[in-house]
Amino acid sequence: MFSIIFSNILLQLLYFIGILFVVGFLIRVLNKLFYRMLNYKKYVVYGTGIIGTPFHELSHALMCLVFGHKILEIKFFQIDEESGTLGYVSHTYNHKNIYQVIGSFFIGTAPIFVGTIFICVLIKAMIPAAAVEIEAYLQDFALAQSMGISVYSLKYAAITFSGMVGAILSCIDLGAIWWGFAVIALCIAIHMNLSQADISHSVKALPYLIGAFVVFNLLFGVIAFSTYETAVYYINLAGGYFVGILLLALMLSIACVAIATAIKYGKSGIVAAVKLVAKRFKPI
């Protein structure tokens, strides 16, 4: 019994913390690469920021409300060349309240997973045909991961990743609507990057979050093991969906760098290139 509980704890920590930090690190690297490719041009920073930053800060604010933090001030977008800060959410909380302390982790990392949820809503609203396919891929991936990590996990991740790329690109024939979605989604994606303050707040809450997972699994597993197994299945299923959403975030960040690379090296015809890739991913 305890070996099962221990393996469940490790799996949950991997899904909800480990992979989130890995994807967050990759997004941070891709973000820096994107701006470096475009020589940190102000019009790029502010042009993408005027769309992406409000979503970034709204993500923080929503999680503040969920975890009972008091919001003191919100700046959804600003141009402050001295500090380089495009926006911020100032908030406070009771440091003796474990729920609020744990909330700091999710508040700090919110731009990644809440930002991606915003993009999912955009997909549903603007390119619904792609939404149907993406939902199917996410469901299949989550079901597979709910059974635990296996040698096929990377294979499922690759299938889900390429499937979501294909689903989005296959709707390019929608024209202006698709391009409108692409611009908004990519601006949100490039501003999912976590600030140093975001990372710091998340790391401080990490021991409490890990402790919560350990206590929950041990208590629930010992007291009511049969019910615990059912609960764990749904927790792991949620973890599978969570990882699938992170794959979408990573996909969009890679797309940002691909576009920046094309612009930097003077490759004309980006639209034609995207259409070519879209044809590649269209079902036969």
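Here is a friendly walk through a predicted model, told as questions and answers.

Visitor: What should I know about this model before we start?
Guide: This is a predicted model, in which local features need pLDDT of at least 70, side-chain atom pairs count only at pLDDT 80 or more, and totals for chains, interfaces and linings use all residues. Residues are numbered from 1 along each chain as its sequence is written, and side-chain values use heavy atoms, with hydrogens and water left out.

Visitor: How many helices and strands does the chain have?
Guide: Helices (H or I, at least four residues) and strands (E, at least two) are DSSP runs, numbered from the N terminus. From that end, the elements run α-α-β-β-α-α-α-α-α-α-α. The count is 9 helices and 2 strands.

Visitor: What is the radius of gyration of the chain?
Guide: The radius of gyration is taken over C-alpha atoms, and the globule rule is 2.2 Å times the number of residues to the power 0.38. The C-alpha atoms fill a box of roughly 65 × 50 × 30 Å along the principal axes. For 284 residues the rule gives 19 Å, and the chain comes close to that, so it is as compact as a globular protein of that length, with a radius of gyration of 20 Å.

Visitor: What share of the residues of the chain count as buried?
Guide: Buried means under 20% relative accessible area, exposed over 50%, and partly exposed in between (1.4 Å probe, protein chains only). Of the 284 residues of the chain, the buried share is 45%.

Visitor: How much accessible surface does the chain have?
Guide: Accessible areas come from the Shrake-Rupley method with a 1.4 Å probe, and for residues only the protein chains shown count as cover. Carbon and sulfur atoms own 70% of the accessible surface of the chain, which comes to about 14,600 Å².

Visitor: Which residues make the nonpolar surface patch?
Guide: Patches are made of residues with over 30% relative accessible area and no salt bridge; like charges are joined within 9 Å, nonpolar side chains (Val, Leu, Ile, Met, Phe, Trp, Tyr) within 5 Å. Helix α7 (residues 196–223) gives the largest share, 5 residues, while F2 is found in helix α1 (residues 2–37) and is exposed at 52%. The patch covers about 590 Å² and is made by F2, V215, L218, L219, V222 and I223.

Visitor: Which residue forms a salt bridge with E135?
Guide: Side chains of opposite charge can pair when their charged atoms come close. A salt bridge is a side-chain nitrogen of Lys or Arg within 4 Å of a carboxyl oxygen of Asp or Glu, and the structure holds 1 of them. E135, partly exposed at 42%, has its closest N and O atoms 3.2 Å apart from those of its partner, K124.

Visitor: Where do E135 and K124 lie in the chain?
Guide: K124 is partly exposed too, at 48% relative accessibility. The pair links distant parts of the chain, 11 residues apart: E135 in helix α4 (residues 128–146) and K124 in helix α3 (residues 98–126).

Visitor: Which residues does S104 touch?
Guide: S104 has its place in helix α3 and is buried, with a relative accessible area of 6%. Contact means heavy atoms within 4.5 Å. Not counting residues up to four places away in sequence, S104 touches H69, Y93, H201, S202 and A205.

Visitor: Is M164 buried or exposed?
Guide: M164 lies in helix α5 (residues 153–169). Leaving out residues up to four places away in sequence, M164 touches I134, Y137, L138, G244, L247, L248 and M251. With a relative accessible area of 0%, M164 is buried.

Visitor: Which residues does E81 touch?
Guide: E81 is found in the loop between β1 (70–75) and β2 (88–92), and at 55% relative accessibility E81 counts as exposed. Not counting residues up to four places away in sequence, E81 touches K42 and Y46.

Visitor: How far does helix α6 reach from its first C-alpha to its last?
Guide: The expected span of a helix is 1.5 Å times one less than its number of residues. Helix α6 (residues 176–190) has 15 residues, and its reach is close to the expected 21 Å, at 21 Å.
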